[in-house]
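Trainee: I'd like to go through this structure with you and learn what the terms rest on. Can we take it one label at a time?

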Amino acid sequence: MKKLKRMKYWFIALMVFTLTVVIVAHEATTSAIDYPKKKIELVVAFKPGGGSDTFARAVARYGEKYIGAPIFVTNRAGGSGAIGFTYGAKAKPDGYVITLIVTTLTIAPHTTPGYPVTYKDFEPIALLATVPSCISVREDSKFKTLRDLIGYAKSHPGKVRLGTSGTGGPWHLAGAALGAAAGIEFSFVPYKGAGPAITALLGGHVDAVATSAAEIYPHVRAGKVRTLAIIAKQPFAAMPNVPTTISMGLDADVVSWRGLAAPKGTPKEIIDYWITAMRKLAKDPEFVKFMSSRGVTVQLITGKAFAEWLAKKHNDYGKIARAAGIACK
């Protein structure tokens with residue numbers, strides 16, 4: 001009996017020792033990277049005040065407590081995001097320059113000749129949010145449903161004027177994907193941003209617009225616009241009764257997305273540090289509430305899975321661009 005007790009005590013002591021070693025080793029690994037020691041730059045490749053800028057500032061505001069260092073946002077706009085993305089990709093890979101990567105990075109390489117950067121130039125950290133695209137008309141439009149619009153477009157090829165935020169942009173691709181899936185031809189009318197395109201719709205200058213669901217939602221809520229369909233697989237939470245193209249049997253799925261990435265070669269320990277912090281941020285009630293108030297769904301995909309997700313979106317958007325005749329290669 002005494003022998004059994006001694007063995008029990010030795011077993012307990014061994015377990016305690018093993019656990020202590022694991023904890024010390026973990027702490028040693030954490031302290032070994034000595035990160036972060038200073039403030040961190042979060043690069044936005046677009047001008048202040050837009051959706052990407054607002055999102056980045058929310059990540060900085062709510063994410064600082066999980067990162068453990070101040071995060072400041074810099075806007076390095078120009079070249080359809082090329083200037084900011086290139087700056088972020090070529091920064092020193094030490095974790096002190098992180099880039100907000102967005103939909104443009106998976107579209108522009110297909111539609112802009114000589115675009116100097118792709119998702120492959122980064123170490124992916126995390127996808128944080130997606131917003132589906134949609135097609136909308138004025139509330140008094142004769143098109144009450146998407147089937148109405150498709151029926152008219154089939155009998156009047158090229159007569160439906162579809163406003164977008166610019167040639168080769170995500171909402172142009174959304175319209176192109178919908179047109180290909182439905183077997184119809186739109187007359188695309190590009191504007192310098194979703195705001196001007198929506199203004200044109202309200203003024204009767206176009207028949208419909210393709211935008212993000214978040215951008216059009218305030219006008220839907222005000223009773224000025226009717227969204228005919230969400231051009232995606234999943235419905236938009238703020239408009240749950242609006243059908244998706246996929247549910248209607250139309251193979252069109254284009255979403256706007258936002259995530260974080262570091263320069264190629266950034267140590268895995270730092271990437272993992274950020275992933276851990278972003279997992280906490282994605283569950284932060286204040287961050288989720290802020291995003292929801294702007295029609296943005298928080299969606300977390302990290303590390304290798306995010307890299308695979310980026311590769312798929314890059315390939316999918318390339319196919320749509322080529323089918324729409326707007327690919328540069």
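Mentor: On a 1 Å grid over the protein atoms alone, a cavity is a set of points where a 1.4 Å probe fits but cannot get out, while a pocket is an open set with protein on both sides within 12 Å along at least five of seven lines; lining residues have an atom within 4 Å of a point. Grid points are joined across faces, edges and corners, and a volume is the space filled by probe spheres set on the points. This is a predicted model, where local features need pLDDT of at least 70 and side-chain atom pairs count only at pLDDT 80 or more, though totals for chains, interfaces and linings use all residues. Residues are numbered from 1 along each chain as its sequence is written, and side-chain values use heavy atoms, with hydrogens and water left out.

Trainee: How much space lies in the largest pocket, and which residues are closest to its centre?

Mentor: About 1,200 Å³. The lining has 46 residues, and F46, S52, T104, S165 and E215 are the closest to the centre. Helices and strands here are DSSP runs (H or I, at least four residues, for a helix; E, at least two, for a strand), numbered from the N terminus. On that naming, α2, α4, α6, α7, α8, β9 and α10 each supply at least two lining residues, and α2 gives the largest share, five.

Trainee: What makes T164 buried?

Mentor: Buried means under 20% relative accessible area, exposed over 50%, and partly exposed in between (1.4 Å probe, protein chains only). T164 has a relative accessible area of 1%, so it is buried. This residue lies in strand β5. A contact means heavy atoms within 4.5 Å, and beyond four places in sequence T164 has contacts that include W171, H172, F188 and Y191.

Trainee: And why is Q234 called exposed?

Mentor: Its relative accessibility is 54%, so Q234 falls in the exposed class. Q234 sits in the loop between β8 and β9. Its C-alpha is 8.2 Å from that of I246, 12 residues away along the chain.

Trainee: What makes K65 and D284 a salt bridge?

Mentor: The rule asks for a side-chain nitrogen of Lys or Arg within 4 Å of a carboxyl oxygen of Asp or Glu. K65 and D284 come to 3.0 Å, N to O, so the pair meets that rule. K65 lies in helix α2 and D284 in the loop between α9 and α10, so the pair ties together parts that are 219 residues apart in sequence. K65 is exposed at 54%, whereas D284 is buried at 3%.

Trainee: How many salt bridges does the rule give?

Mentor: Nine. D207 is partly exposed at 22%, and R161 is partly exposed at 32%. K37 and D34 also count, at 3.8 Å, N to O; K37 is exposed at 61% and D34 partly exposed at 43%.

Trainee: Why is α6 described as largely enclosed by the rest of the structure?

Mentor: Because 11 of its 13 residues are buried. Among them are W171, H172, L173 and L178. Helix α6 covers residues 170–182 and reaches 18 Å from its first C-alpha to its last, close to the 18 Å expected. The expected span is 1.5 Å times one less than the number of residues. After α6 comes G183, with a positive phi near 70°.

Trainee: What is meant by a nonpolar core?

Mentor: A set of buried Ala, Val, Leu, Ile, Met, Phe, Trp, Tyr and Cys residues joined through side-chain atoms within 4.5 Å. The largest has 55 residues, with I40, F85 and W274 among those with the most contacts inside it. A second, separate core of 48 residues includes A174, A176, I231 and A232. F85 is also one of the buried residues of helix α3, and the buried residues of α3 pack against β1, β3, α4, β4 and β9.
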